[in-house]
Amino acid sequence: MRNLSIRKFSNNKIAWLYVISGGLLLGICLLGLFYSSVTVTVPTILHIILDKTLNMGWLSDVAKNEEMIIWNIRLPRVLLAFCIGASLALAGAAFQGLLRNPLADPYTIGVSSGASLGAVLVLFFQVSIVGLGSFTLPVVAIIFGLISLFIVFGLVRLSSKSLAIETIILAGIIVSAFIGSIVSLIISLSDRESMTQIIYWLYGSVGMRGWSHIQLILPFMLIGSFILIYHYRELNALALGEDAADHIGVDVKKGKTFVLIGASLLTGAAVAVSGSIGFVGLVIPHLIRLVTGPNHRHVLPLSMLVGGAFLILADLMARTIIAPKELPIGVITALIGAPVFALLLIRERFGKGANK
Amino acid sequence: MITVQNLVGGYTHFPIIKGLDLEVKKGEFFALLGPNGSGKTTLFKLITGQLPIYSGNISICGEEISTLSKLEKAKKMAVLTQEVQVSFDYTVEEIISLGRYPHQKGIFKQLSKKDRKVIEEVMEITQIGEFRKTQFRMISGGEKQRVLLAKALAQEPEILLLDEPTNHLDIKHTFQMLNLLKERQKTTGLTIFAILHDLNVASLYADRVALLHNGSFLEAGEVDLLRKEDQLKKVYEVKVKSQSHPTVPKPQLLMTPNHFSSSQLFNFEDSYKIIQSEDYLHVHFNRPLRTISNTAVGAGIQWLKQFCQFEGPKPDKQLPYDAGIVTSAKLEDMVMVTKVIEDIHMMVIVTGGTGKSINIMLFIDSHFTDGALIDGYMSAVEAKVKTMHDLQMFESGESSDTLLLALTQQGTNIAHAGSGTLVGKAIGQMVHGAIKECFSKYAEKIH
């Protein structure tokens, strides 16, 4: 009886966490839509959204410019922030599970850098692969992200037998530095105007993108999320190590490949539309794990919800702190994320020391 | 259950297993033995499919493993290795539920009612229910291993493969673990194939064992093959003595480290001290003697240093001794004789009298095998009986006569000490003389 009630309680707790995260997300969405230089009332915002999506508006006279601001500028901005935050947080959670390493994140292991190089190349040379059209940008970014991931893994394989935590981060830094210098090279070769553009883009931003960018990220986000959430059991099993996972019947090679592809899809697509925004994938899954425990069945979806909400909030801060000017959103996430990263690194060391 | 035929395999370019046949029967506990580097883990990994097979084949439950998918294999066969490192703070229950992986169906693959039932069952068997919500990394090594066993059992396997599962565990947890496995083997017919380091543990738990040497079996069969000291010495390159467990009919092995084989000779006469008082006699050697005796304390074959006889109740004074008796004989009638016969130093101490028990302690500066020890014991008894006969004392007053034979175990090894041999005769002579003297002393005192 006691056990049953405990299970009920923990199930309830998890259910409540979903409700709270969902509520938080909606609240922050509304806040993001509401808070800006031009004030539009909340009922009006809701009316515009429902009217546009479900044709269920109830207000008769809504100013055209308000509708413009909400529907064409703020809503895509908020949604894009959500998509990117959700993608990065989910990718981070997956990388961490796969590498058995709470310090892994698309940014720290070099995938983001690779993807941004791909994106810069596309933007700078105005390339377009036949048949892909505007999807050239995310596809190239994803492919470059995957390539840099393989280079990082190759470096780790060559330098140490185990996928040691520090080695992965170190290899990520090496690859990021290398790619960074290539990007710098491209920037220095370009004219002044595109230079500012690329630099600003590199810092990451979700502003001035519009619906087209949501179209760019959405398919990859859906596929990537599905792949990762579908493989939650494999991620759990990998916590025991690859051999032990193999022993309980997990096809480790297949599972790893799928998780890497899924996480790279998410990262590449997110970087392609927003530039590199760091540390979301590091901070959010860590917070979720503190509350729910490490079971990926809940860590993955909750990371998406909370990651999305976090980035909307970060964007809100980015555009209000020094309004009317905007800070790059990457600055905000790095200001929050880097200290957390340092804290985790120290904790990891202490944990190790205590175990041995 | 597991059939291995003419197996060759191992790491690339270098087969470690070279032509090996093996048959593990259903419901059997089969132990794989061998030193490090003999190929135990390689064979193990070939069976789990982690290493490639060059030639030959392995089948489990009648099906060749290459035809089985990973999931099918995991349903039939579970693996328990040495302690694994678990990343993140998974709870014990979450770790165990991973064992249900091969059984989960459907797109969402949630834990079904049956899964939960199995998890509860294995937690009960392994007695880890109380830690279910505890984080895996917070529990002790022994508990961790029980959790991993529970995870393996949650797979509901027909075969359990163990790779040194008790390596990090202390004796308590090793036996707890193996008792659990043995119980499971008996009750559910689980087939167990285990790599074990400890030969004595293997002897106690396994039904059959195999000795792996340079990639093939040197011996395979019943546990009694662990009595073959030569084969064990060949494989492990250590001096091994096989003995029987005192209460269980299984062989146990005793290793002899090098530094004991070359100990220096010592002088017998200088190696003991005797203290005699009114109520006790204390013979103290400065090194342990190989002793066979039936005294109240120190019975059996052992290594002992201090020998005592007490008259009446034991004195209050704390007297250290390893072998001793309380005798009804008078200690003042004690007879002590030392002699050198056939170059062998001997000392005998006899107490006794008419109607009293006769207590003989015989110390010999020689090296007897276990067989010779018993020969010598017999020779002494024969001499005692003959002497009593000669003295016309056909029955001893009490049935509690004692005899203790102690050997310094230095000098050349003597394998026979029956009453027909020189040593046996010497023993007889010593015992005969001493008893006779003891009785005449007693008789003198009476008259």
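A residue counts as buried if 20 or more other C-beta atoms lie within 10 Å of its own. With that in hand, here are some close-up views of this predicted model.

**View 1. Strand β16 of chain B sits inside.** Strand β16 of chain B covers residues 323-327, and four of its five residues are buried, so the strand is largely enclosed by the rest of the structure. Its partner here is strand β15 (residues 300-311) of chain B, which pairs with β16(B) in the parallel sense over five bridges. To find the pairing by eye, look for B:E311, which stands opposite B:T327 in β16(B).

**View 2. Chain B as a whole.** Stepping back for a moment, chain B has 11 helices and 22 strands. Its C-alpha trace spans about 105 × 45 × 40 Å along the principal axes. The radius of gyration of chain B is 31 Å, whereas a compact globule of 447 residues would have one near 22 Å. Of the 447 residues in chain B, 38% count as buried.

**View 3. An open sheet of six strands in chain B.** The order is β6-β7-β8-β3-β9-β10 (chain B), and the pairing is mixed. At the edges stand β6 and β10 (216-222) of chain B, each with a single partner strand, so one side of each is left without a neighbour in the sheet. From one strand to the next, the twist averages 15 degrees. Within this sheet, β7 (residues 159-163) and β8 (residues 191-195) of chain B run parallel and are joined by five bridges. One bridge to pick out links B:I159 with its partner B:T191 in β8(B). Helix α1 (residues 40-48) of chain B packs on the sheet and touches β3 (29-33), β6, β7, β8 and β9 (208-213) of chain B. The direction of α1(B) makes about 150 degrees with that of β7(B).

**View 4. Strand β14 of chain B and its partners.** Strand β13 (residues 272-276) and strand β14 (residues 280-293) of chain B pair in the antiparallel sense over five bridges. These two strands form a hairpin with three residues between them, and B:I274 stands opposite B:V283 in β14(B). β14(B) also runs antiparallel to β15(B), joined by 10 bridges; there, the bridge partner of B:L281 is B:Q309 in β15(B). The hairpin of β14(B) and β15(B) has six residues between the strands, and in it B:G298 takes a positive phi near 90 degrees. Four bridges join β14(B) to strand β21 (residues 402-407) of chain B, again in the antiparallel sense. A handy landmark for that pairing is B:I292, which stands opposite B:L405 in β21(B).

**View 5. Two helices crossing in chain A.** The axes of helix α2 (residues 42-54) and helix α3 (residues 64-99) of chain A come within 10 Å and cross at roughly 75 degrees. α2(A) and α3(A) are therefore roughly perpendicular to each other. From α2(A), the contact is made by A:T44, A:I45, A:I48, A:I49 and A:K52; from α3(A), by A:E66, A:E67, A:I70, A:W71 and A:L75. Sorted by class, this contact has six nonpolar, one polar and three charged residues.

**View 6. Where chain B meets chain A.** The contact takes 23 residues from chain B and 19 residues from chain A. On the chain B side, α2 (70-76) and β6 (77-80) each supply at least two residues. α2(B) gives the most to that side, with four residues. The chain B residues that touch chain A divide into 11 nonpolar, seven polar and five charged.

Definitions and conventions
Residues numbered from 1 in each chain as written. Chains lettered and ligands numbered in written order. Predicted model: local features only at pLDDT ≥ 70, side-chain atom pairs only at ≥ 80, totals over all residues. Rg over C-alpha atoms; globule rule 2.2 N^0.38 Å. Buried ≥ 20, exposed ≤ 12 C-beta atoms within 10 Å, placed from the backbone. Contact = placed C-beta atoms within 7 Å. Nonpolar A, V, L, I, M, F, W, Y, C, P; charged D, E, K, R; others polar. Pairing = 2+ DSSP bridges. Axes fitted to C-alpha atoms, helices over the stretch in contact; angles between N-to-C directions. Parallel < 35°, antiparallel > 145°, perpendicular 65-115°, else oblique.
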